[in-house]
Amino acid sequence: MEYGNVLKKFEKSISETELAQKLDRIKSSVRNNMNGDVYRTCFSCLDLTSLGSTDTHTHIEQLTLKAVDFNKHFPNIPNVASICVYPVFVETVGLVVGSSNMAITSVAGGFPSSQTYLEVKMLETSMAVENGADEIDVVLSLGEFLSGEYDLMGNEIAVIKSELGDETVLKVIIESGLLKKPQLIRNASIISMAAGADFIKTSTGKTGVAATPEAAIVICEAIRDYYQATGHRIGFKAAGGISSAEDAVLYYTIVKDILGDEWTTPDYFRIGASSLANNLLSAIENREVKYF
């Protein structure tokens, strides 16, 4: 596919001035969404994440056990959407999750830099799926994208997608904090969707600037426009530096405002986080909760 031609079918991104105005308008709606129902929705959209250099099988097993047992302790709160880990821990999560409905998410493809051989990315991705991953989060090749090598970047995503099969969800991380400019964020999102991404994800959380509401607006507008042009509904995942209940509600409000209620479910909206889980629980319960 010639991805440069794909970009020509979509209008330019909004200007930074228009973006700031839109964010101000959306922020004025956030307070109306600071309530228990929205907190529960945000919690149900969590990819409960552990991507530390010091993670161990024991730590991941304990985290997963807490997630699996969550509804025994909080029967009136919907559980998190998935557990997100490095590929080496996918099987560990799977043994604990068992027959429960919780999804297993694995980062892969040379995460977080994506600077390795395509063959390595393919193998790591396929191994994660073979070991039980339901969802795969990969980083697009930023160097290729910023050099204008759109076909190389897009075809790599398409190849990785072909390794997954139809039942596995592919989330493509565009590392929006490094792209910075709205047009670059929009272009990366459009190419990734055209290449087969099921979700566009903001960030790895491993760079100085991670998720921002400005980037979320640009990505969600790209998802909206892509859906209107193709009929394909693509999800949005915010990740990196999202820790407070108010942060979560802001991203929820952006999604609801630009994409509509259909996107405010775990099928099309995710938040990748760790400390956010306890903070959302505390907001729901109106008391300090340190469950995870």
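Helices here are DSSP runs of H or I with at least four residues, strands are E runs of at least two, and both are numbered from the N terminus. This is a predicted model, in which local features need pLDDT of at least 70, side-chain atom pairs count only at pLDDT 80 or more, and totals for chains, interfaces and linings use all residues. Residues are numbered from 1 along each chain as its sequence is written, and side-chain values use heavy atoms, with hydrogens and water left out.

I will start with the aromatic rings. Rings of Phe, Tyr and Trp (its six-membered ring) pair if their centres lie within 6.5 Å; planes under 30 degrees apart are stacked, over 60 edge-to-face, and the rest tilted. That rule gives 12 aromatic pairs.

Take Phe70 and Tyr291: their ring centres are 5.8 Å apart with planes at 75°, so this pair is edge-to-face. Phe70 belongs to helix 5 (residues 70-73) and Tyr291 to the segment after helix 14 (275-285), so the pair ties together parts 221 residues apart in sequence. Are these two buried or exposed? Buried means under 20% relative accessible area, exposed over 50%, and partly exposed in between, with a 1.4 Å probe and protein chains only. Phe70 is buried at 0%, and Tyr291 is buried at 14%.

Next, Phe145 and Tyr150 have ring centres 5.6 Å apart and planes at 40°, so they are tilted. Phe145 is buried at 2%, while Tyr150 is partly exposed at 23%.

Finally, ring pairs join Phe43, Phe70, Phe74, Tyr291 and Phe292 into a cluster.
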